[in-house]
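Student: Before we use any structural terms for this model, I would like each one set against its cut-offs.

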Amino acid sequence: MRKVKILFSMALVLATMVLCMVPSFAATSNKDKVYNALIKNGLSSAAACGVMANIEKESNFNPSAGSTSGAYGLCQWTGGRRSNLFSFCSNNGYSSNSVEGQVAFLMHELRGSYSGVLNTLKNVANTADGAYNAGYRFCYDFERPANKSSRSSQRGSVAKSSYWPTYKNKAEEIKKAEAEAKKKAEEEERRANMTDLEKVLEYYGIKVDFVNVKK
C-alpha cells in the first residue's frame, strides 16, 4: 500500500510538471503580449494585426522606446498624452514601461477620445483585407504621422502580409490552450479530492467515484 501511494504521488508530480510545460500563448515576446492583450480587450485578430503593424513602425514593440522629440512607448505618445500614460499607469497599478500598462492605456484612449477609431477596429472584417483596413485606419486616425496617407497604406500592407498570416488563427489557439489547461486543472483538483481507496483503485485501472456516490 505504501509503495502504491508513493507511485501515485510521483505520477501527480509528473502530471503537474507536464501541465506547466503546456505552451502558453501569454508568451514572452512583446508581440505576443500585445496581441493577447488586444484580443482580451475584445478586438479581432484582424484588428489586432492592424494595431501591431503600427506599433512595429512606431517602437518595434519596445515599451521603453523614446525619441528626440519626447515621444515615448509602444505608440510613441507625446506631450499631454505621454503625461496621461504615466498618470494612468500609476493610478491603475501598472509600470509605465510595461507592455501590459501601455496596452491598457491604449485601450483607455480608444474607449475615450478615440472611440471612433475603436469603432472602426471592431467593425473590420476578420480577414486579410480587414487587417489591412485596421492597419490603415489606426495609422491615419490614431497615430497620424507625417505623410499619413502613404504611411497608412504601408502599415496596412504590413498588417495584411506579415501579421495576418501569423496571427489569424492565434485567438482560437489561445482559447483551445486555455480550455485544455482548465480541464487539466479540474482533473488535478478531482484527484486531490479523491479518497485513498479511489486512488489505489484508479492506479489499478478501476474507476469508482466514491465522492459522488456519497452525495
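Predicted model: local features only at pLDDT ≥ 70, side-chain atom pairs only at ≥ 80, totals over all residues.

Tutor: Residues are numbered from 1 along each chain as its sequence is written, and side-chain values use heavy atoms, with hydrogens and water left out.

Student: How many helices and strands does the protein chain have, and what counts as one?

Tutor: The protein chain has 11 helices and zero strands. Helices are DSSP runs of H or I with at least four residues, strands are runs of E with at least two, and both are numbered from the N terminus.

Student: What makes helix 5 and helix 6 roughly perpendicular?

Tutor: The axes of helix 5 (residues 99-111) and helix 6 (residues 115-123) cross at roughly 100° and come within 6 Å. Axes here are lines fitted to C-alpha atoms, for helices over the stretch in contact, with angles from 0 to 180 degrees between N-to-C directions. Angles under 35 degrees count as roughly parallel, over 145 as roughly antiparallel, 65 to 115 as roughly perpendicular and the rest as oblique. Helix 5 and helix 6 are therefore roughly perpendicular to each other.

Student: Which residues make the contact?

Tutor: Helix 5 contributes Met-107, Glu-109, Leu-110 and Arg-111, and helix 6 contributes Ser-115, Val-117, Leu-118 and Leu-121; contact means heavy atoms within 4.5 Å. These residues divide into five nonpolar, one polar and two charged. In that scheme Ala, Val, Leu, Ile, Met, Phe, Trp, Tyr, Cys and Pro are nonpolar, Asp, Glu, Lys and Arg are charged, and the others, Gly among them, are polar.

Student: What is meant by a nonpolar core, and which residues touch the most other members of the largest one?

Tutor: A nonpolar core is a set of buried Ala, Val, Leu, Ile, Met, Phe, Trp, Tyr and Cys residues joined through side-chain atoms within 4.5 Å. Buried means under 20% relative accessible area, exposed over 50%, and partly exposed in between (1.4 Å probe, protein chains only). The largest core has 44 residues, of which Val-34, Leu-38, Leu-106, Leu-110, Leu-121 and Phe-142 touch the most other members. Helix 3 gives the most to this core, with eight residues. Leu-121 touches Leu-43, Ala-47, Val-51, Leu-110, Ala-134 and Phe-138, leaving aside residues up to four places away in sequence.

Student: Why is the pair Asp-129 and Lys-160 called a salt bridge?

Tutor: The term requires a side-chain nitrogen of Lys or Arg within 4 Å of a carboxyl oxygen of Asp or Glu. For Asp-129 and Lys-160 the N to O distance is 2.9 Å, so the pair qualifies. Asp-129 lies in helix 7 (residues 128-143) and Lys-160 in helix 8 (residues 148-167), so the bridge ties together parts 31 residues apart in sequence.

Student: What separates Arg-137 from Asp-141?

Tutor: Arg-137 and Asp-141 are four residues apart in helix 7, about one helical turn. Their closest N and O atoms are 2.9 Å apart, in a salt bridge.

Student: How many salt bridges are there in the whole structure?

Tutor: A search finds five. Among them is Glu-56 with Lys-57, where the closest N and O atoms are 3.8 Å apart.
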